[in-house]
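This briefing covers ring contacts, a surface patch and backbone angles. The structure comes first, and the notes follow by topic.

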Amino acid sequence: QVQLVESGGGLVQAGGSLRLSCAASGRTVSSNTMGWFRQAPGKEREFVAAMPRSSATTYYADSVKGRCTISRDNAKNTVYLQMNSLKPEDTAVYYCAATSLEIPTIPKFYTYWGQGTQVTVSS
């Protein structure tokens, strides 16, 4: 019943910023571990960031650490991914996902997925 819809993707210059949004319906984002993943052409889906529901710790991939921030607005039932200092290597389709488990970095443990939003970073 949970549906996730990403938005906010687009074309940006290297060094620029972008904020992705993931609107949830069916259940609140506060009751789930929320994660962001990305997939570039010809590559496997990889972890980007996650916010567990039962931990104060947030998780980030080494490739985006220091440049990305995951957050959620419970009133809007939305999770965000703020991306700064974007690089061409960040180009990919970005997906948000939700799980009732607390295994934030592994895609197979996420139950619900959005449709994805394209992020393209020009050099």
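Over the face of which ring does Arg45 lie at 4.8 Å from the ring centre? That ring belongs to Trp113. The model is predicted: local features need pLDDT of at least 70, side-chain atom pairs count only at pLDDT 80 or more, and totals for chains, interfaces and linings use all residues. Residues are numbered from 1 along each chain as its sequence is written, and side-chain values use heavy atoms, with hydrogens and water left out.

**Charge over rings**

- Besides Trp113, Arg45 also lies over the face of Tyr95, at 3.9 Å from the ring centre.
- A charge sits over a ring if NZ of Lys or CZ of Arg is within 6 Å of the ring centre and within 35 degrees of the ring normal.

**Aromatic pairs**

- Four aromatic pairs are found in a search of the whole structure; rings of Phe, Tyr and Trp (its six-membered ring) pair if their centres lie within 6.5 Å, and planes under 30 degrees apart count as stacked, over 60 as edge-to-face and the rest as tilted.
- Phe37 and Phe47 make an edge-to-face pair, with 5.8 Å centre to centre and 70° between the planes.
- This pair links distant parts of the chain, 10 residues apart: Phe37 is in strand β4 (residues 33-39) and Phe47 in strand β5 (residues 46-51).
- Strands are DSSP runs (E, at least two residues), numbered from the N terminus.
- Both Phe37 and Phe47 are buried (under 20% relative accessible area; exposed is over 50%, partly exposed in between; 1.4 Å probe, protein chains only).
- Phe37, Phe47, Tyr110 and Trp113 are linked by ring pairs into a cluster.

**Nonpolar surface patch**

- Leu101, Ile106 and Phe109 form a nonpolar patch on the surface, with about 220 Å² of accessible area together (Shrake-Rupley method, 1.4 Å probe; for residues, only the protein chains shown count as cover).
- Leu101 is in the loop between β9 (92-99) and β10 (112-113) and is partly exposed, at 40% relative accessible area.

- Asn77, a residue other than glycine, has a positive phi near 55°.
- Asn77 lies in the loop between β7 (68-73) and β8 (78-83) and counts as buried at 14% relative accessibility.
- Ser85 has a positive phi of about 50°, although it is not a glycine.
- Ser85 is in the loop between β8 and β9 and is partly exposed, with a relative accessible area of 41%.

Notes: Helix = DSSP H or I, 4+ residues; strand = E, 2+ residues; numbered from the N terminus. Patch = residues over 30% accessible without salt bridge, like charges linked within 9 Å, V, L, I, M, F, W, Y side chains within 5 Å. Salt bridge = Lys/Arg side-chain N within 4 Å of Asp/Glu carboxyl O.
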